[in-house]
Amino acid sequence: MHYSGSQLTGDIGELIVKKEFAKLFKWPYRRQEVDLGIDAEFEILLEGNLASGKIVKVQVKATEEPFKDGINTVYPTHEHIEYWKNFSVPVILCAVSTPTEEILWKVIDPDGDYKTPKGAKVEFDRAADKLDINAKPKFEKIATHGNSIVMHLANITMQSLRSYCDESGNAWMSIDSEASLAQHSANEQAINMIYRLIELSKGRTPEVASKMVSTMNRLWNQIDMELDRQRKEDLY
């Protein structure tokens with residue numbers, strides 16, 4: 001049996017990533033025993049180093065060349081890209097330069113288009129995508145809300161709607177506030193957009209997104225009913 005140079009580079013790259021995750025974040029980082037397009041996973045820890053159950057999968061692509069300033073590109077297969085996009089938890093791709101031990105990372109967006117005429121590609125900006133301690137809050141957000149743009153939009157819209165409801169779910173928005181009315185209209189547009197994105201995702205969007213949309217729609221209707229009540233009071 002022959003242990004190739006590319007296998008050695010890949011193994012070194014995986015060990016470099018594991019070391020950096022332990023050093024930077026002190027999170028559990030587990031290499032996968034069976035490699036089916038995913039090399040490892042890490043788990044976000046809560047305060048007091050308590051396990052959260054929030055997992056992010058990791059695929060490593062290593063090179064023996066140093067990274068250049070600006071954009072560096074990795075060329076996965078279409079099959080790998082589709083596999084990562086359809087994963088049930090977020091997936092990040094790490095590019096590693098073994099001679100410098102520099103790591104760049106990018107979350108795989110299930111709604112993203114990575115196709116090129118000659119295959120698939122993922123681009124990394126050497127400055128913006130560098131793996132360092134600044135990535136920690138980004139990983140925490142990815143693990144909580146997934147890696148879908150739908151989830152991020154849903155989370156923002158939900159926060160806006162809840163800001164106009166008290167703890168009992170009663171709406172308090174006033175028809176005399178132009179800013180609030182504008183936000184009410186924007187929230188309606190966002191909910192409609194999320195509905196449409198879920199339809200276009202063809203099952204790739206996390207199931208929780210559909211549940212969130214139902215809650216958002218209910219909150220929006222409560223606020224709208226309150227505004228309608230105020231309009232009728234003004235008339236009479």
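A residue counts as buried under 20% relative accessible area, as exposed over 50% and as partly exposed in between (1.4 Å probe, protein chains only). The model described here is predicted, so that local features need pLDDT of at least 70 and side-chain atom pairs count only at pLDDT 80 or more, while totals for chains, interfaces and linings use all residues. Residues are numbered from 1 along each chain as its sequence is written, and side-chain values use heavy atoms, with hydrogens and water left out.

**Aromatic rings**

- Rings of Phe, Tyr and Trp (its six-membered ring) pair if their centres lie within 6.5 Å, and a pair is stacked with planes under 30 degrees apart, edge-to-face over 60 and tilted for the rest; the count by this rule is 11 aromatic pairs.
- The pair of Phe-25 and Trp-27 is stacked because the ring centres are 5.1 Å apart and the planes stand at 25 degrees.
- Both Phe-25 and Trp-27 are buried.
- Tyr-83 and Phe-87 make an edge-to-face pair, with 5.2 Å centre to centre and 85 degrees between the planes.
- Tyr-83 is partly exposed at a relative accessible area of 34%, and Phe-87 also counts as partly exposed, at 22% relative accessibility.
- A cluster linked by ring pairs takes in Phe-21, Phe-25, Trp-27, Tyr-29, Phe-42, Trp-105 and Phe-139.

- Ser-180 lies in helix H5, which covers residues 178-201; helices (H or I, at least four residues) and strands (E, at least two) are DSSP runs, numbered from the N terminus.
- With a relative accessible area of 10%, Ser-180 is buried.
- A polar contact of 2.9 Å joins the side chains of Ser-180 and Ser-177, where the term means a pair of N or O atoms within 3.5 Å, one able to donate a hydrogen and the other to accept it within protein, and residues adjacent in sequence count only if both atoms are side-chain atoms.
- Apart from neighbours within four places in sequence, Ser-180 is in contact (heavy atoms within 4.5 Å) with Tyr-164, Met-173 and Ser-174.

**Second largest pocket**

- On a 1 Å grid over the protein atoms alone, a pocket is an open set of points where a 1.4 Å probe fits, with protein on both sides within 12 Å along at least five of seven lines, and lining residues have an atom within 4 Å of a point.
- The lining of the second largest pocket includes Ser-6, Asp-11, Asp-39 and Lys-61.
- Helix H1 (5-24) and strand E3 (50-63) are the elements that give two or more residues to this lining, and H1 supplies the largest share, 6 residues.
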